[in-house]
Amino acid sequence: MHIKPKKSLGQNFLVDKNIQKKIINACSLTHEDIVLEIGAGLGVFSGQLASKVKQVYALEIDQRLYPDLERNLGFYNNCQIIKSDILKFNLNKFLKDNGIKQKIKVIGNIPYYISSPIIEHLINYKDNISIVFMTVQKEFGRRVVSKPGSKEYGSFSCFVQYYALGKIIFEIKQGCFKPSPKVDSCFLSLEFRDRPAVQVDNEKLFFKLIRTAFNQRRKTLRNSLDGLICLEALEKSLDESGIDKNVRPEDISLEQFANLSNFCS
């Protein structure tokens, strides 16, 4: 690799061929799939994808990589390069302009420092995406899939799990990347749900309640939400929802948050 990875873009190229192959196998790709690849890099992995699927849209923001990317992907008729930032990419418009009606798959080795914004951005297009596969920092992946009662469980866990079913497929060691990050990674899948995990009457209130609760996670839920909901109504809603008034936010399930939100709507 003669191009030095750019730290400002959070570039850590996945160079381990065995892990690349393991990722391909884990995605269960078919020749009917259309894939959006986030962070195509030099196009080595893009080419592997192209041999497995109907179409690959290889998205890359780093202009320095374009000559090599175009040369490496020039052999594939089903691989199109998109010179764009994923956070500025309008997927709905792109799919409409290209006459694509089926749901696509998203695969990416994404910069760790913008993992959350990328997931939030993709959730905006959940109706057009069947599943997302991405390499992320291992601790971040644990936050995404964590359950009530764990130290990783928080507002972001609830947010993602409301829309998607997350799973850590396997872990990836630091040495599989160049340059090597300071932490281990994991390969994460997010399968978007046909409908949210729980029914809520007011999504805005639901997410505000969750964020407020976890902003002071060391406090009891009752104390964390004091001010957002009047104490008398809060205690009544906790009682009717079957929630201990001294419980802490990290012990509340998504369903219990939904019940609490619906009671307060």
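Analyst: Helices here are DSSP runs of H or I with at least four residues, and strands are DSSP runs of E with at least two, numbered from the N terminus. The model is predicted. S28 lies in the loop between α1 (17-26) and β2 (34-38).

User: Why does S28 count as exposed?

Analyst: Exposed means over 50% relative accessible area. S28 has 52% relative accessibility, so S28 counts as exposed.

User: What makes the phi of S28 worth noting?

Analyst: Most residues other than glycine have a negative phi. Phi of S28 is positive, near 50 degrees, and S28 is not a glycine.

User: How do you know that β5 and β6 pair?

Analyst: Two strands pair if DSSP finds at least two bridges between them. β5 (residues 104-109) and β6 have six, in the parallel sense; in one of them, G108 is partnered by M134 of β6.

User: In which sense does β6 pair with β9?

Analyst: The pairing of β6 with β9 (residues 185-192) is antiparallel, over seven bridges. S189 in β9 is the bridge partner of F133.

User: Why is β6 called mostly covered?

Analyst: Buried means under 20% relative accessible area. Seven of the nine residues of β6 (129-137) are buried, hence the description.

User: Which residues have the most contacts inside the largest nonpolar core?

Analyst: They are L36, F206 and F257, in a core of 58 residues. Helix α8 (residues 203-215) gives the largest share, six residues. A second, separate core has 26 residues, including I24 and V35.

Key. Residues are numbered from 1 along each chain as its sequence is written. This is a predicted model: local features need pLDDT of at least 70, side-chain atom pairs count only at pLDDT 80 or more; totals for chains, interfaces and linings use all residues. Side-chain values use heavy atoms; hydrogens and water are left out. Buried means under 20% relative accessible area, exposed over 50%, partly exposed in between (1.4 Å probe, protein chains only). A nonpolar core is a set of buried Ala, Val, Leu, Ile, Met, Phe, Trp, Tyr and Cys residues joined through side-chain atoms within 4.5 Å.
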